Amino acid sequence: MLPSRFRALPARTLYLALFAVCTGLLGFGLYLQHVVGLEPCPMCIMQRYAFVTVALIALVGGLHGAGSRVYAALIGIAALAGGSIAARQ
């Protein structure tokens, strides 16, 4: 369950915040790859695809604003896929 201060926020705000977090994490991963020189393994690249999927669904949910349960379910499925890749790794 979300704490009460998060439940008071509109779903659009939470989706856009999730988009910002995912984009920041992906940007940091690209920084580590291209600037620092760390090469990702194939499983790490698959996890990036899951992050991109979560970010895009969150962006659409934040811009659309309606049907938040559908977007939450899609984000949950994409997050579980990324989590299963991480568990396998």
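Helices H2 and H4 are roughly parallel to each other, because angles under 35 degrees count as roughly parallel, over 145 as roughly antiparallel, 65 to 115 as roughly perpendicular and the rest as oblique. The model is predicted, so local features need pLDDT of at least 70 and side-chain atom pairs count only at pLDDT 80 or more, while totals for chains, interfaces and linings use all residues. Residues are numbered from 1 along each chain as its sequence is written, and side-chain values use heavy atoms, with hydrogens and water left out.

**View 1. The whole chain, with four helices and zero strands.** Helices (H or I, at least four residues) and strands (E, at least two) are DSSP runs, numbered from the N terminus. Read from the N terminus on, the elements follow the order α-α-α-α. Along the principal axes, the C-alpha atoms fill a box of roughly 40 × 25 × 25 Å. Of the 89 residues in the chain, 21% are buried; buried means under 20% relative accessible area, exposed over 50%, and partly exposed in between (1.4 Å probe, protein chains only). Among contacts with a separation of 6 or more, 69% join residues 24 or more positions apart, where contact means heavy atoms within 4.5 Å.

**View 2. Helix H2 and its buried residues.** Helix H2 covers residues 11–36, and its 26 residues should span 38 Å at 1.5 Å a residue; the end C-alpha atoms lie 36 Å apart, which agrees. The expected span is 1.5 Å times one less than the number of residues. Tyr15, Cys22, Leu26, Gly29 and Gln33 are the buried residues of H2, and they pack against helix H3 (42–64) and helix H4 (68–88). An α-helix has 3.6 residues a turn, so residues three or four places apart point the same way. Just after H2, Gly37 adopts a positive phi of about 100°.

**View 3. The packing of H2 on H4.** The two helices, H2 and H4, pack at an angle of about 25°, and their axes are 11 Å apart. Axes are lines fitted to C-alpha atoms, for helices over the stretch in contact, and angles run from 0 to 180 degrees between N-to-C directions. On the H2 side the contact is made by Ala11, Tyr15 and Leu18, and on the H4 side by Ser68, Tyr71, Ala72 and Ile75.

**View 4. The packing of H3 on H4.** The axes of H3 and H4 come within 9 Å and cross at roughly 170°, which makes H3 roughly antiparallel to H4. Residues of H3 that make the contact include Met43, Gln47, Ala50 and Ile57, and those of H4 include Leu74, Ala78, Gly82 and Ile85. Gln47 has its place in helix H3 and counts as buried, because its relative accessibility is 17%. Apart from neighbours within four places in sequence, Gln47 is in contact with Gly82, Ile85, Ala86 and Gln89.

**View 5. Cys41 and Cys44, neither in a disulfide.** A search of the whole structure finds zero disulfides, a disulfide being a pair of cysteine sulfur atoms within 2.5 Å. For Cys41, the nearest cysteine sulfur is that of Cys44, 3.2 Å away. Cys41 counts as partly exposed, because its relative accessibility is 26%. Cys44 counts as partly exposed at 26% relative accessibility.
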